[in-house]
Amino acid sequence: PWIVAGALPAARAEDVRKVAARLGAPALAGVLEKSDAVAIKVVASAGKPAQLRVTSAAATLPDAAWTFLLARALEDARAGLSGLRRLGPSERMQALAGAQAALLGETPDGDRARAAARLVNDAMAALPPGDARARLVADLRQVLSSAPDWDGFARAAAHTANRVGLLACGDASAALSMLAREDAALAKGNDADARRAFLRTPAARELVRFMLSPAYVAIVGRPR
């Protein structure tokens, strides 16, 4: 069980602030929880500010591994996925319709849409202006025009978060090690077959493909 232990250590809380600023992610209150499991996750609930819940095991990780998990969680928060994951297909569409209405200065229909519109209005000052906001509205209009492939989007968002974590920590070995810790096969036995199976998982394959890509080399200057 996760037991709330208190605030994050000062150094880790400062890491949260700095990485959030780099990513343009919302500033989240970090909560330390007693657990031997290594985990950092964003927890959102209706009517309450989102929290960044960090297990005590995660808070004591080496800096690169910690930064990978932290940046990945903050990217999840920046993308707004922590709240949407709790919703069914119809509820997600209502929430997105509310967000679009707020951006257009319109009044949405339905409790779920109105709640989403209030959240967007509260955060309006932090949203990009001008052409960037117009593109956001256009994206929402496109999503709302037909039933989106949520599962495909969620998989792509997870890959994006792993890429962001890698770029933030600057350590390919640490990033892959953190993914390996989450692999069910490796959890049962760290033998050669399990390691090969891990490298064939979608998360590992996609991240390695990104590490070898011209885009990654262009960002970091050289393979790491």
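Setting aside neighbours within four places in sequence, Met178 is in contact with Leu61, Ala65, Phe68 and Leu69, where contact means heavy atoms within 4.5 Å. This is a predicted model, in which local features need pLDDT of at least 70 and side-chain atom pairs count only at pLDDT 80 or more, while totals for chains, interfaces and linings use all residues. Residues are numbered from 1 along each chain as its sequence is written, and side-chain values use heavy atoms, with hydrogens and water left out.

Is Met178 buried or exposed? Met178 is buried, with a relative accessible area of 6%; buried means under 20% relative accessible area, exposed over 50%, and partly exposed in between, using a 1.4 Å probe and protein chains only. Met178 and Lys18 are 160 residues apart in sequence and 21 Å apart in space, C-alpha to C-alpha.

Met178 lies in helix α9. Helices (H or I, at least four residues) are DSSP runs numbered from the N terminus. Helix α9 (residues 172-181) packs with helix α12 (residues 202-211) at an angle of about 170°, their axes 10 Å apart. Axes here are lines fitted to C-alpha atoms over the stretch in contact, and angles run from 0 to 180 degrees between N-to-C directions. The two helices, α9 and α12, are therefore roughly antiparallel to each other, a term for angles over 145 degrees, with under 35 counted as roughly parallel, 65 to 115 as roughly perpendicular and the rest as oblique. In this pairing, Ala172, Ala175, Leu176 and Leu179 of α9 meet Ala203, Ala204, Leu207, Val208 and Met211 of α12. By class, the contact of α9 with α12 has 9 nonpolar, no polar and no charged residues.

Now for the cores. A nonpolar core is a set of buried Ala, Val, Leu, Ile, Met, Phe, Trp, Tyr and Cys residues joined through side-chain atoms within 4.5 Å. The largest one has 39 residues, and Ile40, Leu52, Val54, Leu70 and Leu166 have the most contacts inside it. Helix α3 (residues 63-78) gives the most to this core, with 9 residues. Beyond four places in sequence, the contacts of Leu166 include Phe68, Ala172, Ala175, Leu207 and Met211. Apart from this core lies another, of 8 residues, among them Ala99, Ala117, Val120 and Leu140.

The axes of α5 (residues 89-104) and α6 (residues 111-122) come within 7 Å and cross at roughly 45°. That makes α5 oblique to α6.

Notes. Nonpolar A, V, L, I, M, F, W, Y, C, P; charged D, E, K, R; others polar.
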